Amino acid sequence: MERIQKYLAARGICSRRAAEDMIRARRVRINGETALIGQSVSEGDSVALDGVLVGNEPPKVYIMLHKPDGYVTTAKDQFGRPCVLDLLKDVKERIYPVGRLDYDTSGLLLLTNDGALAQKLTHPRCEVEKVYIARVKGHPGVESLKLLADGVMVDGEKTLPAKVTVESSDDRYTRLRLTIRQGRNRQVRKMLAAVGLFTAGLTRVATGRLYLGRLKKGEYRVLTREEIAYLKSGMRRKE
Ligand code: URA
């Protein structure tokens, strides 16, 4: 059971505040009767806005998962490898990943049942910045970092300019922070290979203004209202 304002907001119809205005304007009906603010809606009730049923849609859910390496970003794997959905067993809705991370890549993965939004975010024109931390063997020189930043040939096509900085290093490995605007197949690994670097580990730490933060591998959380609004805005950068 949930209040009518929350019910409409959870289904992505409008904000709770806007729902109150619609209810006051007598635009919302529950089981054919004009709805009142705060009225409860139970499973099986029919809810209509301006005469159009909205009640049969499952609520939209938006989740951020810290995908561990060793998981595939598909619902099922033909080789029986663990799938990201195995980590989200207590989510009732049928959600699916937005884009993908490779089997051997960890980090920020969004999942939702909002098909329209998923499509928008994975469209090639959605050049939102994705930030990766790559652990590479050895110590890349300034020249390699500059090549990566300017764009390198990957599968016969030059990559778009990227931001590349050194995070830290020890005697054998270097941690690089790479910010890219594309999402081509195994792009970061292929970019690094193009300048002779072997990737020993790769983690996506941010997608636009969504950050992995303190989420540990295998953990997930529901996005905040602000984060969802940001996604729906097309992840536009702040001016
Ligand atoms: N680049 C890669 O190489 N792999 C990923 O999973 C994501 C970006």
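The following legends describe close-up views of a predicted model. Residues are numbered from 1 along each chain as its sequence is written, and side-chain values use heavy atoms, without hydrogens or water. Local features need pLDDT of at least 70 and side-chain atom pairs count only at pLDDT 80 or more, while totals for chains, interfaces and linings use all residues.

**View A. A patch of positive charge on the surface.** Arg135, Lys137, Arg172 and Arg175 gather here. Arg175 lies in strand E14 (residues 173-180); strands are DSSP runs of at least two residues, numbered from the N terminus. With a relative accessible area of 36%, Arg175 is partly exposed, a class between buried (under 20%) and exposed (over 50%), using a 1.4 Å probe and protein chains only.

**View B. Ser40 and its contacts.** Ser40 belongs to strand E4 (residues 40-41) and is partly exposed at 31%. Beyond its neighbours within four places in sequence, Ser40 is in contact with Met1, Glu2, Arg3, Ile30 and Asp45, where contact means heavy atoms within 4.5 Å.

**View C. Asp50, a residue with positive phi.** Most residues other than glycine have a negative phi. Asp50, however, has a phi near 50°. Asp50 sits in the loop between strand E5 (47-49) and strand E6 (52-53) and is partly exposed, at 46%.

**View D. Asp155, with a positive phi of about 50°.** Asp155 occupies the loop between strand E11 (153-154) and strand E12 (157-158). Its relative accessibility of 61% makes Asp155 exposed.

Methods:
Patch = residues over 30% accessible without salt bridge, like charges linked within 9 Å, V, L, I, M, F, W, Y side chains within 5 Å. Areas by Shrake-Rupley, 256 points an atom, 1.4 Å probe, with all protein chains shown as cover. Salt bridge = Lys/Arg side-chain N within 4 Å of Asp/Glu carboxyl O. Lys, Arg positive; Asp, Glu negative; His and termini not counted. Charge placed at Lys NZ, Arg CZ, Asp CG, Glu CD. Helix = DSSP H or I, 4+ residues; strand = E, 2+ residues; numbered from the N terminus.
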